[in-house]
Amino acid sequence: MKYYSIGRSNEIDVIGFYPQTKRTSKSGFHFDDYNSERQVNPNVFPDFEPNFGLDLNPQAKETDILDSAACLSFGIIISEKLKLILEEYALPPHRFYPIKVYDSIEQYYWFHYISKIEKSIDFKSTTIEIYVSRPPFKTQEIKTFNSQEELMNFKREMSYKSSMKFKSICLTENFPKYDLFEITGAQYFTLISHKLMKRLKDEKITGFEYQEYDKIRTTPNNGYN
C-alpha cells in the first residue's frame with residue numbers, strides 16, 4: 001500500500017503571505033487559562049474544549065490546512081470541508097475542536113489525533129539510520145531496536161552531533177489500516193493512504209504539501225501486500 005507524508009505549505013502562491021496566521025491577540029485567549037491549547041497533552045484527550053484562536057493575515061489566503069502559527073506542536077488546523085472528508089475515512093482516535101480564525105469566513109477545527117502506531121511496528125524488523133546531523137549527513141550506523149522504549153532511550157543518550165531517521169518501517173499484522181496516522185520515535189510526521197491522497201487532490205484541498213513515503217513494508221501474512 002502506498003503512503004504519503006504530508007505537511008503544511010509555505011508557498012506564497014498557495015498561502016498568499018507568510019506567516020499565514022498568528023495566535024490571536026483578541027481578548028479571551030490566554031496562555032495560562034485552564035482551557036488554553038497549552039493545557040492539552042498530545043497523547044491524552046482533554047476533558048474540556050480548548051479555547052484557541054488565530055488571526056489570519058490580511059494578505060493571506062484561506063486554505064483548507066492552515067498554519068498553526070507555531071502555537072501547536074501537534075495536530076492540524078483544518079477547514080470544515082476537510083473535516084467532512086476525513087470523517088469518511090479510517091482515522092485513529094481523534095477529536096475536532098472548533099476554533100476561531102479571525103478575519104476568515106470559514107469555520108476551522110483543530111484536528112487532534114492519537115495514533116500510538118508504535119504498537120503496530122515490528123521493531124526487530126525496522127531499521128534506523130544514525131547519521132551526522134550536519135552536511136554531508138554521513139551515515140554512522142544502521143540499528144534495530146526491540147521496542148519504542150529502547151529506541152527512545154538510545155535517542156536521549158545520542159550525541160547532539162548525531163540524528164536518526166527511519167530507513168525502513170515494518171508494520172505488524174495488527175496495524176489497523178488507518179488512512180491517516182502519525183509516525184513517532186526516530187522521526188515525527190503524518191502519513192496518509194493513497195486513497196485519501198487521491199480524494200484530497202480530487203477535492204482540490206489546499207494548503208498542504210505531500211511526498212510519497214516508500215519506507216513502509218508489512219509482515220508477509222497480514223493481508224496488506
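The stops below take in a sheet, a strand, a helix, a cavity and a pocket.

**Before you start**

This is a predicted model, so local features are taken only at pLDDT of at least 70 and side-chain atom pairs only at pLDDT 80 or more, while totals for chains, interfaces and linings use all residues. Residues are numbered from 1 along each chain as its sequence is written, and side-chain values use heavy atoms, leaving out hydrogens and water.

Helices (H or I, at least four residues) and strands (E, at least two) are DSSP runs, numbered from the N terminus.

**Stop 1: the six-stranded sheet**

Select β2, β3, β6, β7, β5 and β4. In that order they form an open sheet of six strands with mixed pairing. Two strands pair if DSSP finds at least two bridges between them. Now look at β2 (21–23) and β4 (65–66): they stand at the edges with a single partner strand each, so one side of each has no neighbour in the sheet. β4 runs antiparallel to β5, joined by two bridges. Zoom in on Leu66, which stands opposite Ile77 in β5.

**Stop 2: strand β12**

Select β12, residues 189–193.

β1 is antiparallel to β12, with four bridges, and Tyr3 has Ser193 as its bridge partner. β11 also joins β12 by four bridges, again antiparallel. There, Leu180 has Ile192 as its bridge partner. Follow the hairpin of β11 and β12: five residues lie between the strands, and Gly185 takes a positive phi near 110°.

**Stop 3: helix α4**

Select α4, residues 194–202. Leu196, Met197, Arg199 and Leu200 are buried here. They cover an arc of only 160° around the axis (taken from the directions from the helix axis to the C-beta atoms), so they lie on the same side of α4. What do the buried residues pack against? They pack against β1 (3–8), α2, β11 (180–183), β12 and β13 (208–213), where contact means heavy atoms within 4.5 Å.

**Stop 4: the cavity**

Rolling a probe the size of a water molecule over the atoms shows where empty space is left. On a 1 Å grid over the protein atoms alone, a cavity is a set of points where a 1.4 Å probe fits but cannot get out; a pocket is an open set with protein on both sides within 12 Å along at least five of seven lines; lining residues have an atom within 4 Å of a point. Grid points are joined across faces, edges and corners, and a volume is the space filled by probe spheres set on the points.

The count is one cavity of 30 Å³ or more. The largest cavity holds about 60 Å³ of space. Select its lining, including Ile6, Phe111, Leu180, Ile192 and Leu200. β5, α2 and α4 each give two or more residues to that lining. The lining has 11 nonpolar residues, no polar and no charged.

**Stop 5: the largest pocket**

Select Ser73, Phe74, Gly75, Glu182 and Thr190, which lie nearest the centre of the largest pocket among its 25 lining residues. The volume of this pocket is about 650 Å³. β1 gives the most to its lining, with three residues.

Methods:
Nonpolar A, V, L, I, M, F, W, Y, C, P; charged D, E, K, R; others polar. Buried < 20%, exposed > 50% of the residue type's maximum accessible area, 1.4 Å probe, protein only.
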